[in-house]
Amino acid sequence: MPTARGAGGFLRRTVICFIAFVSCLLPAVAGAAPSEVRTLEVHGRQLGEPAGLAWLPHAGAFLVLHRPVAAGAGGAASELLAITPFGDVAGAVPRPRGSAEAVGATFDTGSGRLLLLEASGDLRELAMGAGGLPDAASALRLGGTGAGTVSFGGIAVDPATGQVFVLDAAARRILRLGPSSTDEHGRGLPLVGRLDLSWPGDGEPGALSFDPNTRHLFVLSRSSERLLELSEFGVLIAVHDTSALGLSDARGMVFAPSADLTDDSATTHLYIADAGDGETGRILEVSLAEPQVVSAAAAVESATLVQIIDSASFSPPSSDTSGLAWNSNAGRLIASDSELNERPYFEDVNVWETTFDGVVRETSVTTGFSMEPTGVAFNPSDGHFFFSDDDADRIFEARMLASGDLELVQEMNVRSFDIRDAEGVAYDAASGHLFVVDGVNAEIYEIAPGPDGVLDGRDETVVSFDLAVLGLGDPEGVEYDAVNDTLFIVDHKTDTVLETTRDGVELRRIDVSVLNGEVLAGIALAPSSDGSGAMHLYISDRGVDTDSPIDGRIYEIDIGAAPPPPPPPPPPDGSFERRVEVSEDDAEESLESGSVDLSSSDLELGFEASAQLVGLRFRNLPIEQGALVTRAYLQFTVDETNSEPTAIEIRGQASGDAAGFDGSSADLSSRPTTTAHASWSPPPWDAVGASGVEQQSADLSRLIEEVVGRADWSSGNSIVLLLSGTGQRVADSFDGSADGAPLLHVELAGVQSECGNGIAEGGEACDGLDLGGAACSAVGCSSGTPSCTPQCTLDYSSCTDCGVCGNGIRETGEECDGGDLGGASCQSLGFYCGVGGGLACGADCGYDASACIPGFCGDGATQSVCGEVCDGSDLGGESCTSQGFGSGSLACLGDCSDLDVALCSPCDFDGICEVDEDCLNCAADCFSTGPRCGNGVCEIAAGEDCSDCPEDCNGLQKKRPSLRFCCGDGDVRNPVGCEDPRCTADGFSCDSEPVPSSCCGDLRCDAPEDPVSCAIDCG
């Protein structure tokens, strides 16, 4: 009689076999066809024949098991290469000692181990080492899978249970292995079941993966272009058609997070390692989700093809034309080629200036700073070019010298903005903003220069909008239309050009399938080639990404007139916003001279050369007469940073339809103002371009209500607001930045009013004898009763005994009175802190800020009374040495609360290896001459070469062969030929001077160390 364990196992196997049998009888369910999101491009390396694919979450990288391209059939064994989702090589994992050829890999997140499946059917387990990569030295043989020799293979793991699935392709089955070792040596995973894959017509299985979200198994057929989705017990759930993916021989497959950084963090995609064209392998990111139908905002238009420019016939030719721009100063097109330098026919040219019909006038090259000029834009203000580089994740700004050479001006690293695939680039000369399209994130980024006014990646502000929600699959190029303030985005996956506003509102969708392009890449808006002056679009086509044929092209298309701008959306919940729309609607008047400026590039609120009044006019306000305003404020954009204490008073012009400013003397100060007003003490403005809560005024609802409650007000009229005060805050004007001009935000209640019916309702402050509970005390008066005007506004002129300074009550016109500061403090007035009693009230009922301390953390001066230990470079005379270290750079923490010793070192550079100094932290005093991979020396005596230690021996680091070299046949992959005197006979290594193996400071006295040279070890 079987034991309980045996009976349970028998029953389990019976159920599994029965389920598998029943599933054979079920018709195949058609699942969603997988759609390719992108092909992962590996920078600086070529993938050979893939054999497995795993995701390493701690390293944020894929582990690709592949045979290198150079190995060829029957060549070197497969290697493990770590690659980030953005194509950067994160490292290589050596083959474990004594292991056989590996045919599959998977990572178990539950136990933190990597499992390698060998062709012999054996399993190897590797623990994780530094950087989240597997440690080959930790490899442990787990024993066989019970399958004998595994053909092709494939392995996956259920992280929730630790159960391992092994694909035996030749036997057309999946083996289920238990999660824990069972033999007396702690090795071997027990076989707990077999899942038969012998459904008719499915073809030979090639890859296996487990989706931890659905707990489903996925098996990819190598020959019938189908992806089988199974339950963990082998029940067929769906069959997905993969014919659109163009797979040739897929052997590795894994579920991993979407590479689009703008996606939800829980979004996962299927990644497939495929043999590709037979010469170079590839990794495809695939979505199994049902495609979302995106409804266009407007009818789809068709482009009219005007001409085809054969850039392959340029002299020299362009094989992969990518970037396009219009040099408006020279009246020419600019074209760049992102792949040409990798071709055998490269002639040190990858940028061309041509006429609009394709006649080359000038050529240049970017390889001095960029090997991959993917996109190009032009700044007509200074004649500079911007080149995007999707390998280096940088935007390079360059200028053209008289010699025709491009000289680098500066570069901007866009990874800090989460841009990981900088494709096209466009420039708005009016604002100095740069637009970048990210192909992986399917996003448009608008980058505005910071306070330094340059695009260098140090202090920029960035906004973005998503293109995937607009139905674009692989956006490659972007162009800015300065006339209409719109963007054109070209998407090669959908053969679409999309025109949007700069914040992502779709205006029109243009079908460009008539071009029959291979890979549509760059886009430029430029005059037509017929000389008519009409603006046409020029689109580049990279063609087939191979050495042959040379097939770059540029298409000129006519897209007709620009569509009218979309109507503004209806205000949600009664809210709306209006921005200053024209130059003469913001003005500054000097209160000293009365002169009025209508064209200033900025607005000084409070004080410029003298006290001044700022006027803002907002047109066409959709507010009904007598409406109730629940909230209103002004939104400014910072033009200059200011931190001095500032107090602004805001009033409205007492007019139901305020006239525009005409620039006449005292035009602003001569206007009657509202009784209602708002007092605003803005905090410090410390970032140019900021437009947030700190740049929002105090609530203006009372004064807006006073204006719209007037008998001469009607919906669609204009309001003027007047600002005066002390201190200074500098904001953008319309002339300085139309996008950053002052904005009025208004929120309305739904109740309407009828002035004169004796009921205070809607936006009425009062009506007849109904004063809405108002009293003279509201304005600091102790006697009298307010009255109601015929316009249903309050009149406090009859109030008496008003504003007595010294009575301890803060009343109208008083900032404070006695101990009543109205909630103000040194900090609220823009000071850093207060000492003693802090802010006080003066004898004139105005603030006494004599005990308030100005400044802020970051002003470079240490205000110790405010709790600062240091500030910027002001370290109070302290240094790394005074802090007990030997050397280094002492700094100040960002919050000024303490000294930052992160860059201090125990090394004192006195030539003596002392306590706390060792070979790693003080190589100058303690010497280390033992071989070590990663020390920058290719030490062939220790067995290092290009294969075993690419960190030291590989000449392709950062695509800059000059840093190191690697012997070979002198081609692009091995730029130093074997005839070089530095090369050894094996053709892989480079001569390096032999050095003794010793380390002063390791507490061992090894030759040539002695008591003199290394007292710490030999003394």
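Gln-791 is partly exposed, with a relative accessible area of 31%, where partly exposed denotes the range between buried (under 20% relative accessible area) and exposed (over 50%), computed with a 1.4 Å probe and protein chains only. The model is predicted, so that local features need pLDDT of at least 70 and side-chain atom pairs count only at pLDDT 80 or more, while totals for chains, interfaces and linings use all residues. Residues are numbered from 1 along each chain as its sequence is written, and side-chain values use heavy atoms, with hydrogens and water left out.

Gln-791 is located in the loop that joins strand S55 (787-788) to strand S56 (794-795); strands (E, at least two residues) are DSSP runs numbered from the N terminus. Between the C-alpha atoms of Gln-791 and Cys-755 the distance is 6.8 Å, although the two are 36 residues apart in sequence.

Strand S15 (residues 216-221) is mostly covered, with 6 of its 6 residues buried. In a regular strand, side chains alternate between the two faces of the sheet. His-216, Phe-218 and Leu-220 point one way from S15, whereas Leu-217, Val-219 and Ser-221 point the other way. Strand S14 (residues 205-211) pairs with S15 in the antiparallel sense over 6 bridges, pairing being assigned if DSSP finds at least two bridges between two strands. Pro-205 has Ser-221 of S15 as its bridge partner. The hairpin of S14 and S15 has 4 residues between the strands, and Arg-215 takes a positive phi near 60 degrees there. S15 also pairs with strand S16 (residues 226-231), in the antiparallel sense and over 5 bridges; in S16, Leu-228 is the bridge partner of Val-219.

Two surface patches were also identified. Patches consist of residues with over 30% relative accessible area and no salt bridge, like charges being joined within 9 Å and nonpolar side chains (Val, Leu, Ile, Met, Phe, Trp, Tyr) within 5 Å; a salt bridge is a side-chain nitrogen of Lys or Arg within 4 Å of a carboxyl oxygen of Asp or Glu. Glu-584, Asp-597, Glu-608 and Asp-735 form a patch of negative charge on the surface. Of these residues, Glu-608 lies in the loop between strand S45 (602-606) and strand S46 (612-618), and counts as partly exposed because its relative accessibility is 38%.

A nonpolar surface patch of about 230 Å² is made by Leu-305, Ile-308 and Val-514. Val-514 is found in the loop between strand S38 (506-511) and strand S39 (520-527), and with a relative accessible area of 47% Val-514 is partly exposed.

Methods
Areas by Shrake-Rupley, 256 points an atom, 1.4 Å probe, with all protein chains shown as cover. Lys, Arg positive; Asp, Glu negative; His and termini not counted. Charge placed at Lys NZ, Arg CZ, Asp CG, Glu CD.
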